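Please have the sequence and the model open while reading.

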Amino acid sequence: MKMMKGSLMVEAAYILPVIFLSFILGVYMLFYFHDKNILLGAGYETTIVGSQKMKWNEENIEEKMSKFFRDRVRGKMIFFSKPKVTVQCKNNILSVDATVKKRKVILKVHQEKEIKTPEKYIRKKRKIYGK
């Protein structure tokens, strides 16, 4: 009878570390996906605002948009910190690449947006059809 009571303690000693490890792993996964969603959202906002600024021919868009991205992310990330962001404007396409790293875990996000100018199309159509 005494052996039966001790076997529960031995089984618990094997099972509890596995349960604790899976709980910690789940928390880290939540932090990872939380930070990934924040980076994706900030990248999307940056591309939208940057495409509007490119449309109106503003200067130093890359610098302004990288600062805008950092402002959007500041204080919101849990697991990662200090993202490295590069903003490029080429051929009417604005692209934002953000990378964060903590130990061996690397998270990369890429967002791009084509600059649309529907006004030019509408003006051209009005000139042709005289409307």
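Which side chains meet in a salt bridge with N to O at 3.2 Å, one of them being Asp 71? The side chain of Asp 71 meets that of Arg 74. A salt bridge here is a side-chain nitrogen of Lys or Arg within 4 Å of a carboxyl oxygen of Asp or Glu.

## Basis

This is a predicted model, in which local features need pLDDT of at least 70 and side-chain atom pairs count only at pLDDT 80 or more, while totals for chains, interfaces and linings use all residues. Residues are numbered from 1 along each chain as its sequence is written, and side-chain values use heavy atoms, with hydrogens and water left out.

## Helix α2

Helices are DSSP runs (H or I, at least four residues), numbered from the N terminus. Helix α2 covers residues 61-73. Ile 61, Met 65, Ser 66, Phe 69 and Val 73 of α2 are buried (under 20% relative accessible area; exposed is over 50%, partly exposed in between, with a 1.4 Å probe and protein chains only). These buried residues line one face of the helix, because they fall within an arc of 125° seen down its axis, taken from the directions from the helix axis to the C-beta atoms. Glu 63 and Lys 67 are exposed on the face turned away from the buried side.

## Salt bridges

The structure holds three salt bridges. Lys 67, Asp 71 and Arg 74 form a linked network of them. Asp 71 pairs with Lys 67 at 3.2 Å between the closest N and O atoms; these two residues are four apart in α2, about one helical turn. Arg 74 is exposed, at 60% relative accessible area.

Arg 72 and Glu 45 also meet in a salt bridge (2.8 Å, N to O). This pair links distant parts of the chain, helix α2 and helix α1 (residues 2-55), 27 residues apart.

Terms used
Expected span 1.5 Å × (residues − 1).
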